[in-house]
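Subject: Structure for your files

Hello,

My notes come after it.

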Amino acid sequence: MITGGYVKLDKNLEYFEKNRRKANALIYAPTISPSEKMKEMKNVVATHQHSGKIIKSLLDNLTEYDLIYRPHPHNLQVTEIKNIAKKYSDHPRFYFNDNVDFYMDSYSKSALMITDMSGTAYTYAFTTLRPVVFFSPNEAEVKKIYSDFQYFIDRNKIGYVAQSVEEILEKIKF
């Protein structure tokens with residue numbers, strides 16, 4: 001019998017322990033933009049249309065933190081994401097993480113993750129034991145569609161759900 005585990009998480013934990021840093025950043029990691037095949041997700045759980053407002057609010061209101069913007073790797077060529085990266089490229093506290101293969105450096109220096117429904121939320125929380133704020137501006141609709149999905153049921157076990165950009169700030173401060 002071979003002792004098993006979750007290899008990806010085991011490697012992440014090993015890296016995190018060896019490379020733990022001062023957590024002086026927040027990481028904003030929205031999920032992949034839904035395709036037409038995933039219509040029910042569009043504007044329900046994926047929140048790219050709010051990214052500009054979220055980033056501005058975080059940079060303006062939480063000046064004690066750097067901000068790491070890590071969109072889903074499949075979205076790096078999306079015009080909206082390129083525009084955000086360009087707009088804030090000269091901001092001294094904004095870091096655009098476009099490394100598709102390695103996220104642990106960003107994880108290790110962040111105190112908290114903000115996401116919508118990305119699976120990276122659980123990877124982050126289990127690796128760092130740090131909280132996640134899930135941005136869910138359509139929470140009533142999310143509950144109606146996904147009430148049986150453990151992923152959504154368990155969000156409050158690893159962080160908080162915020163339904164507005166203002167509430168993101170409240171949850172982070174909490």
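The notes cover the sheet, then a helix pair, then the surroundings of one tyrosine. Please keep in mind that this is a predicted model.

Sheet

Six strands make up an open sheet with parallel pairing, and their order is β3-β2-β1-β4-β5-β6. At the edges are β3 (94–96) and β6 (159–162), each of which pairs on one side only. From one strand to the next the twist averages 20 degrees.

At the β3 end, the neighbouring strand is β2 (residues 66–69), which pairs with β3 in the parallel sense over three bridges. Within this part of the sheet, Leu67 is opposite Phe94 of β3. Helix α3 (residues 79–87) lies across both β2 and β3, and its direction is at about 140 degrees to β3.

Helices α1 and α5

Helix α1 (residues 7–18) packs against helix α5 (residues 120–128) at an angle of about 50 degrees, and the two axes are 9 Å apart. The pair is therefore oblique: angles under 35 degrees would count as roughly parallel, and 65 to 115 as roughly perpendicular. The crossing of α1 past α5 is right-handed.

On the α1 side, the contact is made by Lys8, Leu9, Asn12, Leu13 and Phe16; on the α5 side, by Thr123, Phe126, Thr127 and Thr128. By type, the residues of this contact are four nonpolar, four polar and one charged.

Helix α5 is mostly covered, with seven of its nine residues buried. The buried residues are Ala121, Tyr122, Thr123, Tyr124, Ala125, Thr127 and Thr128. Of these, Thr123, Thr127 and Thr128 also take part in the contact with α1. Just after the helix comes Leu129, with a positive phi of about 60 degrees.

Tyr151

Which residues does Tyr151 touch, leaving aside those up to four places away in sequence? They are Met117, Ser118, Gly119, Ala121, Tyr122 and Phe134. Tyr151 itself belongs to helix α7 (residues 150–153). Two of the residues it touches, Ala121 and Tyr122, are among the buried residues of α5. For Tyr151 and Tyr122, the separation is 29 residues in sequence and 8.9 Å in space, taken from C-alpha to C-alpha.

Regards

Technical notes:
Residues are numbered from 1 along each chain as its sequence is written. This is a predicted model: local features need pLDDT of at least 70, side-chain atom pairs count only at pLDDT 80 or more; totals for chains, interfaces and linings use all residues. Side-chain values use heavy atoms; hydrogens and water are left out. Two strands pair if DSSP finds at least two bridges between them. Helices (H or I, at least four residues) and strands (E, at least two) are DSSP runs, numbered from the N terminus. Axes are lines fitted to C-alpha atoms, for helices over the stretch in contact, and angles run from 0 to 180 degrees between N-to-C directions. Contact means heavy atoms within 4.5 Å. Angles under 35 degrees count as roughly parallel, over 145 as roughly antiparallel, 65 to 115 as roughly perpendicular and the rest as oblique. A crossing is left-handed if the near helix is turned anticlockwise from the far one by less than a right angle, and right-handed if clockwise. Ala, Val, Leu, Ile, Met, Phe, Trp, Tyr, Cys and Pro count as nonpolar, Asp, Glu, Lys and Arg as charged, and the others, Gly among them, as polar. Buried means under 20% relative accessible area, exposed over 50%, partly exposed in between (1.4 Å probe, protein chains only).
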